[in-house]
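Me: I would like to go through a structure with you. Could you take my questions one topic at a time?

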Amino acid sequence: MESFPFAIVVFDLDGTLANTAPDLTDALNHMLVRLGRRTVPATQVIEMVGRGMRNLIERGLGATGEVTPALVDRALPIFLEYYEPHLADKSRPYDGAAAALDLLQVRGARLAICTNKPEGLTRKLLDAFGWTEKFASVIGGDTLPVRKPDALPLREAIARAGGGRAVMVGDSVTDIQTARAAGLPCLAVTFGFRDRPVAELGATLLIDRFDELVPALEKL
């Protein structure tokens with residue numbers, strides 16, 4: 001078997017490895033109802049995900065009325081209080097994701113997570129999927145003083161996983177911008193969460209299914 005071209009494969013989480021939209025939508029709507037707002041559909045929520053929880057709250061509030069920093073400060077604990085115990089109620093890995101992770105490990109690649117989801121919630125979700133031991137490093141949105149699209153979280157995820165030639169796998173423009181800032185290629189899934197057409201993301205390569213992941217990475 002030929003050697004795999006990447007020592008480390010770094011993944012985004014929400015919308016890349018797992019469909020977390022149902023639980024994020026439930027938590028956001030719980031928060032909105034508590035604040036006397038209307039609810040929003042999952043199709044709208046997936047366009048809000050990717051730049052961290054506070055940004056999600058801001059965008060959810062902005063879609064339903066006035067938004068101020070003070071209101072976001074009030075809303076965030078309401079969201080988190082509901083989301084943390086329910087974050088894996090309906091969230092599921094995408095079809096083929098687990099098999100793709102296993103195959104990457106068989107090929108000798110180390111795996112890492114770089115997400116804007118808080119690290120504690122990220123680890124809790126990975127544990128719910130039985131994936132905790134698969135990842136050599138996990139960087140969340142609150143692990144460092146900065147988050148994606150700053151390159152530092154991605155570089156730190158790579159360093160903590162042992163270093164070496166790396167690639168980012170994501171689903172949104174935030175992931176592509178992060179990889180570009182770090183000088184790395186970025187492969188994007190076409191089925192994730194985004195606020196623009198996938199063709200406009202500027203990814204190095206696109207895949208439609210996880211059984212395409214390893215062959216696509218071998219082309220880079």
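Predicted model: local features only at pLDDT ≥ 70, side-chain atom pairs only at ≥ 80, totals over all residues.

Reply: The answers below cover the sheet, some helices, the aromatic rings and a few individual residues.

Me: What is the strand order in the open sheet of six strands?

Reply: The order is E5-E4-E1-E6-E7-E8, with parallel pairing. Two strands pair if DSSP finds at least two bridges between them.

Me: Which strands are at the edges?

Reply: Strand E5 (135-139) and strand E8 (205-207) are the edge strands, each pairing on one side only. Neighbouring strands of this sheet are turned by 25 degrees against each other on average, direction ignored. For such angles, axes are lines fitted to C-alpha atoms, for helices over the stretch in contact, and angles run from 0 to 180 degrees between N-to-C directions.

Me: How many bridges join E4 and E5?

Reply: Strand E4 (residues 110-114) pairs with E5 over four bridges, in the parallel sense. Ile113 stands opposite Val138 in E5.

Me: What about the E7 side of the sheet?

Reply: E7 pairs in the parallel sense with E6 over three bridges, and with E8 over three bridges. Met168 stands opposite Cys186 in E7, and Leu187 has Leu205 in E8 as its bridge partner.

Me: Which way do the side chains of E7 point?

Reply: In strand E7 (residues 186-189), Cys186 and Ala188 point one way, Leu187 and Val189 point the other way, and all are buried. Buried means under 20% relative accessible area, exposed over 50%, and partly exposed in between, with a 1.4 Å probe and protein chains only. In a regular strand the side chains alternate between the two faces of the sheet.

Me: What do E6, H8 and E7 make together?

Reply: E6, helix H8 (residues 173-181) and E7 make a right-handed β-α-β unit. A crossover is right-handed if, with the strands pointing away from the viewer, the path from the first strand over the helix to the second runs clockwise.

Me: Where does H7 lie?

Reply: Helix H7 (residues 152-160) lies across strand E1 (8-11), E4, E5 and strand E6 (166-170), and runs at about 155 degrees to E5.

Me: Changing topic: how does the span of H3 compare with what it should be?

Reply: Helix H3 (residues 53-64) has 12 residues and should span 16 Å at 1.5 Å a residue; its end C-alpha atoms are 17 Å apart, which agrees. The expected span is 1.5 Å times one less than the number of residues.

Me: What covers its buried residues?

Reply: The buried residues of H3 include Met53, Leu56 and Leu61. Their cover includes helix H1 (21-34), helix H2 (42-45), helix H4 (69-86) and helix H6 (119-129).

Me: Now the rings. How many aromatic pairs are there?

Reply: The count comes to four aromatic pairs. Rings of Phe, Tyr and Trp (its six-membered ring) pair if their centres lie within 6.5 Å; planes under 30 degrees apart count as stacked, over 60 as edge-to-face and the rest as tilted. Phe129 and Trp131 form an edge-to-face pair, 5.3 Å centre to centre with 65 degrees between the planes.

Me: Why is the pair of Phe191 and Phe210 tilted?

Reply: The ring centres of Phe191 and Phe210 are 5.7 Å apart and the planes are at 55 degrees, so the pair is tilted. Phe191 is in the loop between E7 and E8 and Phe210 in the loop between E8 and helix H9 (213-219), 19 residues apart. Tyr94, Phe191 and Phe210 form one aromatic cluster.

Me: Last topic: where is the cis peptide bond?

Reply: The cis bond joins Lys148 and Pro149, with omega of about 15 degrees. Pro149 lies in the loop between E5 and H7.

Me: What does Gln177 touch?

Reply: Gln177 touches Arg51 and Pro149, not counting residues up to four places away in sequence. Contact means heavy atoms within 4.5 Å. Gln177 is in helix H8 and, at 30% relative accessibility, counts as partly exposed.

Conventions. Residues numbered from 1 in each chain as written. Heavy atoms only, no water. Helix = DSSP H or I, 4+ residues; strand = E, 2+ residues; numbered from the N terminus.
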